[in-house]
Amino acid sequence: LNVPMEKLLSLKTVNAAFISARDGMLIKNYAEHREDIEEISALVASIFNEALESFKFLDEGPIEKIIIEESHETICVITAGESLLCVFTKPEAKPGLIFVYARKIIDEIREVLG
């Protein structure tokens with residue numbers, strides 16, 4: 001996983017990233033400076049799963065990505081098979097560009113994680 005993630009982490013607007021299971025269990029942490037990463041992983045998965053269930057209720061298609069914006073950072077979440085790729089960005093980052101770069105490595109992540 002390190003090789004594809006290095007591509008994403010090399011972007012100037014990306015602060016950190018992690019990969020979690022959809023149940024919130026942390027798979028791989030690329031945010032070593034964050035002490036609260038396991039809690040964030042669980043919260044992001046919970047938000048994602050709630051949105052997924054809500055859209056099922058509306059008979060909409062499955063959710064592939066979500067954006068969680070805070071005043072000091074943005075968390076871009078994209079599905080990677082049964083996992084979630086979560087990217088912390090600087091506030092000025094363009095989430096669309098982050099998703100474009102993430103899409104380029106998603107297949108590599110799916111191949112590794114199955």
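The following questions and answers set values from a predicted model against the definitions behind the words.

User: What kind of model is this, and how are residues numbered?
Analyst: The model is predicted: local features need pLDDT of at least 70, side-chain atom pairs count only at pLDDT 80 or more, and totals for chains, interfaces and linings use all residues. Residues are numbered from 1 along each chain as its sequence is written, and side-chain values use heavy atoms, with hydrogens and water left out.

User: Which elements does the protein have, and what makes a run a helix or a strand?
Analyst: Helices (H or I, at least four residues) and strands (E, at least two) are DSSP runs, numbered from the N terminus. The protein has 3 helices and 5 strands, in the order α-β-β-α-β-β-β-α from the N terminus on.

User: Why is the protein called as compact as a globular protein of that length?
Analyst: The radius of gyration is taken over C-alpha atoms, and the globule rule is 2.2 Å times the number of residues to the power 0.38. For 114 residues the rule gives 13 Å, and the radius of gyration is 13 Å, close to that value, so the protein is as compact as a globular protein of that length. Along its principal axes, the C-alpha trace spans about 40 × 35 × 25 Å.

User: Why is the pair of lysine 7 and glutamate 108 called a salt bridge?
Analyst: A salt bridge needs a side-chain nitrogen of Lys or Arg within 4 Å of a carboxyl oxygen of Asp or Glu. In this pair the closest N and O atoms are 3.3 Å apart, so lysine 7 and glutamate 108 form a salt bridge. Lysine 7 lies in helix α1 (residues 2-9) and glutamate 108 in helix α3 (residues 95-113), so the pair ties together parts that are 101 residues apart in sequence. The whole structure holds 6 salt bridges.

User: Why is lysine 7 called partly exposed?
Analyst: Buried means under 20% relative accessible area, exposed means over 50%, and partly exposed is in between (1.4 Å probe, protein chains only). Lysine 7 has 45% relative accessibility, so it counts as partly exposed.

User: What makes Arg34, Asp36 and Glu73 one network?
Analyst: Arginine 34 and aspartate 36 meet in a salt bridge at 3.2 Å, N to O. Glutamate 73 forms a salt bridge with arginine 34, the closest N and O atoms being 2.9 Å apart. Salt bridges that share partners join Arg34, Asp36 and Glu73 into one network.

User: Is glutamate 73 buried or exposed, and how do you know?
Analyst: At 5% relative accessibility, glutamate 73 counts as buried. Aspartate 36, at 32%, is partly exposed.

User: What makes a set of residues a nonpolar core, and which residues have the most contacts inside the largest one?
Analyst: A nonpolar core is a set of buried Ala, Val, Leu, Ile, Met, Phe, Trp, Tyr and Cys residues joined through side-chain atoms within 4.5 Å. The largest nonpolar core has 18 residues, and Met5, Leu8, Leu85, Val87 and Ile109 have the most contacts inside it. Its largest share, 6 residues, comes from α3. A second, separate core of 17 residues includes Ala16, Val44, Ile63 and Cys86. In soluble globular proteins, nonpolar side chains tend to be buried together.

User: How do you know that serine 83 is buried, and what does serine 83 touch?
Analyst: Serine 83 has a relative accessible area of 6%, so it is buried. Its place is in strand β5. Contact means heavy atoms within 4.5 Å. Not counting residues up to four places away in sequence, serine 83 touches Ile19, Ser20, Ala21, Arg22, Ile27, Ile78 and Leu113.

User: Where is serine 20, and is it buried or exposed?
Analyst: Serine 20 is found in strand β1 and is buried, with a relative accessible area of 0%. The C-alpha atoms of serine 20 and leucine 84 are separated by 5.3 Å, although the two residues are 64 residues apart along the chain.

User: How much of the protein is buried?
Analyst: Buried residues make up 42% of the 114 residues.
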